[in-house]
Amino acid sequence: MTTKISYSIAFLLGLGMVFLGARFFFSPEIATAAFGIRFNSNGDYSFHHIKGIRDIFSGILLCALVLMKERRSLGVMLVVATIIPVSDMLTVLSKSYTGVQQAIPHIVATIICSVVGILLLVAKPPIVVATKQQEILN
């Protein structure tokens, strides 16, 4: 049951990452403000495209690992990926114009990634009981 819930959360997290990445392409100013930093692009959205495509890739990879039921790979990815929201949180908190309120989405992402990743890694794989017919075929 825990694994199914973890898969669901990871899949929703993946879809959220795709949404966030797409927002950097289609609404760069809004995406930057929601991230928690100020960015004066002067019409050059190169940074936004770089950030956006990485978020889209991460989201698609999360969803793909869920759909392929790659429990351990998904768990490792989520645990290792906690470095991203932690780094983002530190970046946001390092700005003189931001506070904890702007860092909350990054803190929540850190908690979700680490908890779900650990749950997936410690979950026992399902026991597959072979039927007599399957044994004969093998």
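A residue is called buried when its relative accessible area is under 20%. The legends below describe close-up views of a predicted model.

**Figure 1. Helix α3 and its buried residues.** Helix α3 has 22 residues. From its first C-alpha to its last it reaches 32 Å, close to the 32 Å expected at 1.5 Å a residue. Its buried residues include the nonpolar Ile56, Leu62, Leu65 and Val66. Leu61, in the helix α3, is partly exposed, with a relative accessible area of 30%. Between Leu61 and Asn40 there are 30 Å in space, C-alpha to C-alpha, and the two are 21 residues apart in sequence.

**Figure 2. Lys69, after helix α3.** Lys69 follows α3 and is found in the loop between α3 and α4. Its phi is positive, about 55°, although Lys69 is not a glycine. Lys69 counts as exposed because its relative accessibility is 63%, and the cut-off for exposed is over 50%.

**Figure 3. The largest nonpolar core.** In soluble globular proteins, nonpolar side chains tend to be buried together. The largest nonpolar core here has 12 residues in all. They are Tyr7, Ala10, Leu13, Leu62, Leu65, Val66, Leu74, Met77, Leu78, Cys113, Val116 and Leu120. At least two residues of this core come from each of α1 (2-26), α3 (46-67), α4 (71-81) and α6 (100-122). Another core, of 7 residues, lies apart from it; Phe24, Phe35, Met89 and Val92 are among its members.

**Figure 4. Thr82, between α4 and α5.** Thr82 is placed in the loop between α4 and α5 (83-93). Thr82 counts as buried because its relative accessibility is 15%. A polar atom of the Thr82 side chain lies 2.7 Å from the backbone oxygen of Val79. Leaving aside neighbours within four places in sequence, Thr82 is in contact with Thr110, Cys113 and Ser114.

**Figure 5. His106 in helix α6.** The residue His106 is found in helix α6. With a relative accessible area of 8%, His106 is buried. The backbone oxygen of Phe35 is 2.7 Å from a polar atom of the His106 side chain. Not counting residues up to four places away in sequence, His106 touches Phe35, Pro85, Asp88, Met89 and Val92.

**Figure 6. The largest pocket.** The largest pocket holds about 720 Å³ of space. Its lining has 29 residues, and those nearest its centre are Met17, Leu20, Asp55, Ile84 and Asp88. Two or more residues of the lining come from each of α1, α2, α3, α4, α5 and α6. Helix α3 gives the largest share of the lining, 8 residues.

Methods. Residues are numbered from 1 along each chain as its sequence is written. This is a predicted model: local features need pLDDT of at least 70, side-chain atom pairs count only at pLDDT 80 or more; totals for chains, interfaces and linings use all residues. Side-chain values use heavy atoms; hydrogens and water are left out. A nonpolar core is a set of buried Ala, Val, Leu, Ile, Met, Phe, Trp, Tyr and Cys residues joined through side-chain atoms within 4.5 Å. Buried means under 20% relative accessible area, exposed over 50%, partly exposed in between (1.4 Å probe, protein chains only). Helices (H or I, at least four residues) and strands (E, at least two) are DSSP runs, numbered from the N terminus. The expected span of a helix is 1.5 Å times one less than its number of residues. A polar contact is a pair of N or O atoms within 3.5 Å; within protein, one must be able to donate a hydrogen and the other to accept it, and residues adjacent in sequence count only if both atoms are side-chain atoms. Contact means heavy atoms within 4.5 Å. On a 1 Å grid over the protein atoms alone, a cavity is a set of points where a 1.4 Å probe fits but cannot get out, and a pocket is an open set with protein on both sides within 12 Å along at least five of seven lines; lining residues have an atom within 4 Å of a point. Grid points are joined across faces, edges and corners, and a volume is the space filled by probe spheres set on the points.
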